[in-house]
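This report walks through a structure with its sequence alongside. Keep both in view while reading.

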Amino acid sequence: MTFVRTIWLITRKDLLIEARSKEILFTTLFFAVSSVLVFAFGFVREGRAVEDAAAGILWIAIAFSGTLALGRAFERERQSETLRALMIAPIPRPALYLGKLLGIVLLLAAVEAIIVPLVSLMFQAPLFTHAWLTLGLLAAGTIGFAAVGTLFAAMLVRARSRDVLLPVLLYPITIPVIIAGVRGTSALLQAEVDLPMARLWLSMLVFFDVVFVTLALWTFEPVMTE
Amino acid sequence: MSTPGGDLDFTTLTLTDVTRSFGRRRALNRVSLHARAGETIALLGPNGAGKSTLLSIIATLLAPTSGEVRYGPHEGLRAGAALRARLGLLGHDLYIYPELSPAENLRFFAKVYGVEDVERCIADALDHAGLSHRRDDPVSGFSRGMRQRLALERALLHAPRLALLDEPFTGLDDAATHALRQRLATLRNSGCIVLITTHDLETIEGIVDRAMVLRNGVAVELPVGAGSLRQRYRASLTPLSSSR
């Protein structure tokens, strides 16, 4: 079986389970939408949003709801110990990691498809003016965040206090990704759009993605063997 | 059947002085075992004796602290995916996705193991498990016994050379127990090495070739002799009980 086919097999299985239960999608979406609405009440006065708030709120909603999705995605594998069945299967462990990562990225993409228009509407943020750059920032930021998160969620799957430990470990490591996402998006939302700055932050995000995914692929097998 | 990662086969399993510690606690202490193709061996012992730990080590899920596990000429952790393709593990937890149907579970694992003719293989497995009529129902609605039967077929789907069965009779009714005994006989005839852990000694009487008893991480071969498996097992535990 090819490496790519294995990745797709794992992702497809995760998406099929999610399509049946809709558990992660609904909880993550509900949390993300609630966050945006609460922030909208705090930061929008008389129909005008606080300057530069939209980018931060968008990325906070993505990061927090992403943490929720990561925890649940691996909790599901823990309940029937199916992660052990995957570990004993004759598939490359990096393919297992990438399959889980792709599933989480697609799930977060579905959440972003709802909250990006919502943020745009609530904060009068022109997120679609430079749609391709916005899309690039969201894709690169989500991959970077999920790359670290997938590794940590897998590592913590047997830890008793995994729900507490996941954000404690995840946020400090992914701060560069969140900062790059916020600054890049801000550059697109300010009165005078700063395209070179947005591209610079996008390049930084791609760099973080390459570093994080490489490190995760390198460490996934040893950390999961025990 | 194509073997993912290459064709690797073996006809013996050899454990030499396998020790495993968790912190200061020693779960297994210099366990040695040799099994040949077609042998069925029972791993007996009280709760917490180290049976599941031993199965996890043989399944390459845990690394021994010291000692060696060899599958024919191959060393476990180094052989990687090609070796794992020849192992079948039924754990105490069942390793099946409750949200999926039996057919979907089996299809996923059949593809993961690179099984050829997936649909025929699924039909055979469901037939063995007696679940053909429930093939498209979600597993979450199944009883423990039905899940156990499905989990066993999942573990044996790819015709492994080495089957590691942790408490395979849990939750099974009389008919399913009888079917499993027959299935184990078929495995033996096909040259599969089977290691079973169970407390259900009457059920495995006559289908295991020999038995090992694990006590406080130490393994001793259960002597062949007069009396039932249960009587011999109790006799092997007596020195420990009387010394307490």
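## Salt bridges

Over all chains, the count comes to 26 salt bridges, a salt bridge being a side-chain nitrogen of Lys or Arg within 4 Å of a carboxyl oxygen of Asp or Glu. Side chains of opposite charge can pair when their charged atoms come close. This is a predicted model, in which local features need pLDDT of at least 70 and side-chain atom pairs count only at pLDDT 80 or more, while totals for chains, interfaces and linings use all residues. Residues are numbered from 1 along each chain as its sequence is written, chains are lettered from A and ligands numbered from 1 in the order in which they are written, and side-chain values use heavy atoms, with hydrogens and water left out.

One bridge joins A:Glu18 and A:Arg76, at 3.0 Å from N to O. A:Glu18 lies in helix 1 of chain A and A:Arg76 in helix 3 of chain A, so the pair ties together parts that are 58 residues apart in sequence. Helices (H or I, at least four residues) and strands (E, at least two) are DSSP runs, numbered from the N terminus. Both A:Glu18 and A:Arg76 are buried. Here buried means under 20% relative accessible area, exposed means over 50%, and partly exposed lies in between (1.4 Å probe, protein chains only).

## Bridges in chain B

B:Glu68 pairs with B:Arg70, their closest N and O atoms being 2.9 Å apart. B:Glu68 is partly exposed, at a relative accessible area of 31%. B:Arg70 also counts as partly exposed, at 28%.

A further bridge links B:Asp136 and B:Arg135, at 3.7 Å from N to O. B:Asp136 is exposed, with a relative accessible area of 57%. B:Arg135 is partly exposed, at 27%. Elsewhere, salt bridges that share partners join A:Glu18, A:Glu23, A:Arg72, A:Arg76 and B:Glu99 into one network.

## Where the chains meet

How many residues of chain B are in contact with chain A? There are 30 of them, and they touch 25 residues of chain A. Contact means heavy atoms within 4.5 Å. The area buried between the two chains is about 2,500 Å². This is the accessible area (1.4 Å probe) that two parts lose on being put together, summed over both. Carbon and sulfur atoms give 62% of the area buried between chain B and chain A.

Across this interface the rule finds 2 salt bridges. The side chains of A:Arg20 and B:Glu104 meet in a salt bridge, at 2.6 Å from N to O. A:Ser80 has partners in chain B too: it touches B:Asp93, B:Leu94, B:Tyr95, B:Ile96 and B:Pro98, not counting residues up to four places away in sequence. A:Ser80 sits in the loop between helix 3 and helix 4 of chain A. A:Ser80 is buried, with a relative accessible area of 17%.

## Helix 1 of chain A

Helix 1 covers residues 3–21. At 1.5 Å a residue, its 19 residues should span 27 Å; the end C-alpha atoms are 28 Å apart, which agrees. The expected span is 1.5 Å times one less than the number of residues.

Buried residues of this helix include A:Thr6, A:Ile10, A:Lys13 and A:Ile17. An α-helix has 3.6 residues a turn, so residues three or four places apart point the same way. What covers the buried residues of helix 1 includes helix 2 (23–43), helix 3, helix 4 (82–88) and helix 5 (93–122) of chain A, together with helix 4 (102–112) of chain B.

## Positive phi angles

Most residues other than glycine have a negative phi, and most peptide bonds are trans. A:Glu81 lies in the loop between helix 3 and helix 4 of chain A. A:Glu81 counts as buried, at 15% relative accessibility.

B:Ala159 has a positive phi of about 50°. B:Ala159 is found in the loop between helix 6 (144–156) and strand 7 (162–166) of chain B. B:Ala159 is partly exposed, at 46%.
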